[in-house]
Amino acid sequence: MMKKLAVFLIVLFAGMLSFSASANNGVVVSQTEINEESIARIYLGQSRVLTGVNLPEDSATRTAFEEALVGQTGNQLKRHWAKLKFTGRATPLETLNNDDAVIEFLKSNPQGIGYVSDKSKVSGDLKVIATF
């Protein structure tokens, strides 16, 4: 009986963790449709098709975005952008304070792209391009 109860609690706990993780998924948003492969190029400074914006460096959403869609850690990206800035090949992306600031930026900049932690904040002309 105790063994079955323990198994039940483990399964219940695992399910709660899974739901919690999926509820925190972020989304990449823009008014302009682009393919998912272009996202990394924009955030690596290799494409200027759209103007990307970041959340603050200590944001968990930024960390998840960088690792999932750009394929690099925050420190790797920091070194990458320092090199681009030093050589004059690109200027670092603007950093906005929170999801609401990113949404406002994207609503007033049709050629902008950003990411937010909560898909429910996306409305109007903004489109979800990718999830992470």
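**A tour from a buried ring**

Begin by selecting Tyr115, which has 0% relative accessibility and therefore counts as buried, a word that here means under 20% relative accessible area, calculated with a 1.4 Å probe on protein chains only. This is a predicted model, in which local features need pLDDT of at least 70 and side-chain atom pairs count only at pLDDT 80 or more, while totals for chains, interfaces and linings use all residues. Residues are numbered from 1 along each chain as its sequence is written, and side-chain values use heavy atoms, with hydrogens and water left out.

Rings of Phe, Tyr and Trp (its six-membered ring) pair if their centres lie within 6.5 Å, and planes under 30 degrees apart count as stacked, over 60 as edge-to-face and the rest as tilted. Because Phe65 belongs to helix α3 and Tyr115 to strand β4 (residues 112-116), the pair ties together parts that are 50 residues apart in sequence; helices (H or I, at least four residues) and strands (E, at least two) are DSSP runs, numbered from the N terminus.

Now select Phe132, whose ring centre is 6.4 Å from that of Tyr115, with the planes at 80°, so the pair is edge-to-face. Phe132 has 15% relative accessibility and therefore also counts as buried.

Conventions: Buried < 20%, exposed > 50% of the residue type's maximum accessible area, 1.4 Å probe, protein only.
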